[in-house]
Amino acid sequence: MFSIFKKRKQESDQPAEATETCGMGNLVESNTIADVLPGVRHLAVNLSIRGQDNEIEPSLNNRSFGPQSRAYFHFRCKNVDCVDGGFDLQEEIINAVNEGRNEITGRRVCQGWRDASNVGQQKCFFELNFKIYVSYNAI
Ligand SMILES: [Zn+2]
């Protein structure tokens with residue numbers, strides 16, 4: 001016996017604008033929160049970054065974003081010798097805001113290289129723990 005899932009009607013529901021872009025898709029860095037995340041009043045990003053060996057105190061970093069801030073959520077690795085590392089929360093934040101979430105927490109491990117002499121050998125593995133609070137404009 002076969003059970004067939006109901007197929008959602010997609011063609012008719014799709015907004016026409018979704019396929020049209022204004023040709024600015026690549027300039028993410030110059031877009032503001034108001035452009036990229038309309039409706040967001042404030043984003044508070046708390047970052048805690050520490051080394052794999054836990055020898056040093058975690059480095060704490062708090063950032064605040066308003067509607068006119070750049071919607072750019074790439075953060076530098078705190079390992080001063082790190083090559084090609086860093087933490088990219090762009091997608092995570094955009095998805096969470098699209099879902100209307102107020103709080104985002106997570107963890108990332110730096111995939112850069114430990115230092116210039118270890119490129120291709122030892123990864124950096126600095127760890128980022130983040131907590132982000134999002135507030136929205138009242139409608
Ligand atoms: Zn790193």
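## Asp84 and its loop

Asp84 sits in the loop between strand 3 (74–75) and strand 4 (87–88), where helices (H or I, at least four residues) and strands (E, at least two) are DSSP runs numbered from the N terminus. The structure is a predicted model, in which local features need pLDDT of at least 70, side-chain atom pairs count only at pLDDT 80 or more, and totals for chains, interfaces and linings use all residues. Residues are numbered from 1 along each chain as its sequence is written, and side-chain values use heavy atoms, with hydrogens and water left out.

Asp84 has a positive phi of about 65° although it is not a glycine. Its relative accessible area is 70%, so Asp84 counts as exposed; the cut-offs are under 20% for buried, over 50% for exposed and partly exposed in between, with a 1.4 Å probe and protein chains only.

Gly86 belongs to the loop between strand 3 and strand 4. With a relative accessible area of 25%, Gly86 is partly exposed. Not counting residues up to four places away in sequence, Gly86 touches Phe75, Arg76, Cys77 and Cys110, a contact being heavy atoms within 4.5 Å. Gly86 and Phe126 are 40 residues apart in sequence, and their C-alpha atoms are 9.0 Å apart in space.

## Overall layout

The chain contains 2 helices and 6 strands. Along the sequence these elements follow the pattern α-β-β-β-β-α-β-β. Of the contacts between residues at least 6 apart in sequence, 61% join residues at least 24 apart.

Buried residues account for 29% of the 139 residues in the chain. The chain exposes about 10300 Å², and carbon and sulfur atoms supply 48% of that area. Accessible areas come from the Shrake-Rupley method with a 1.4 Å probe, and for residues only the protein chains shown count as cover.

## The nonpolar core

In soluble globular proteins, nonpolar side chains tend to be buried together. The largest nonpolar core here has 26 residues; such a core is a set of buried Ala, Val, Leu, Ile, Met, Phe, Trp, Tyr and Cys residues joined through side-chain atoms within 4.5 Å. Strand 1 (40–50), helix 2 and strand 6 each supply at least two residues of this core, and strand 1 gives the most, with 5 residues.

The residues with the most contacts inside the core are Ile33, Leu37, Leu43, Phe73, Leu89, Ile93 and Ile132. Leaving aside neighbours within four places in sequence, Leu37 is in contact with Leu43, Phe73, Ile93, Ile94 and Val97.

## Rings and charges

The structure holds 1 aromatic pair. It is formed by Phe65 and Phe73 in an edge-to-face arrangement, at 4.9 Å centre to centre and with 65° between the planes. Rings of Phe, Tyr and Trp (its six-membered ring) pair if their centres lie within 6.5 Å; planes under 30 degrees apart count as stacked, over 60 as edge-to-face and the rest as tilted. Phe65 and Phe73 are both buried.

Two placements of a charged group over a ring are described next. Arg70 lies over the face of Tyr72, at 5.8 Å from the ring centre. The charged end of Lys123 is over the ring of Trp113, 5.7 Å from its centre. The criterion is NZ of Lys or CZ of Arg within 6 Å of the ring centre and within 35 degrees of the ring normal.

Thr32 lies in the segment before helix 1 (33–36). Its relative accessibility is 16%, so Thr32 counts as buried. Apart from neighbours within four places in sequence, Thr32 is in contact with Pro67, Gln68, Ser69, Arg70 and Ala71.

Gln90 is part of helix 2 (residues 90–98). Gln90 is buried because its relative accessible area is 10%. Gln90 and His74 are 16 residues apart in sequence and 6.7 Å apart in space, C-alpha to C-alpha.

## Cysteines and Phe125

A search of the whole structure finds 0 disulfides, a disulfide being a pair of cysteine sulfur atoms within 2.5 Å. Cys82 counts as buried at 19% relative accessibility, and Cys124 is buried with a relative accessible area of 2%.

Phe125 is in the loop between strand 5 (103–109) and strand 6 (127–136). Phe125 has a positive phi of about 60° although it is not a glycine. At 35% relative accessibility, Phe125 counts as partly exposed.
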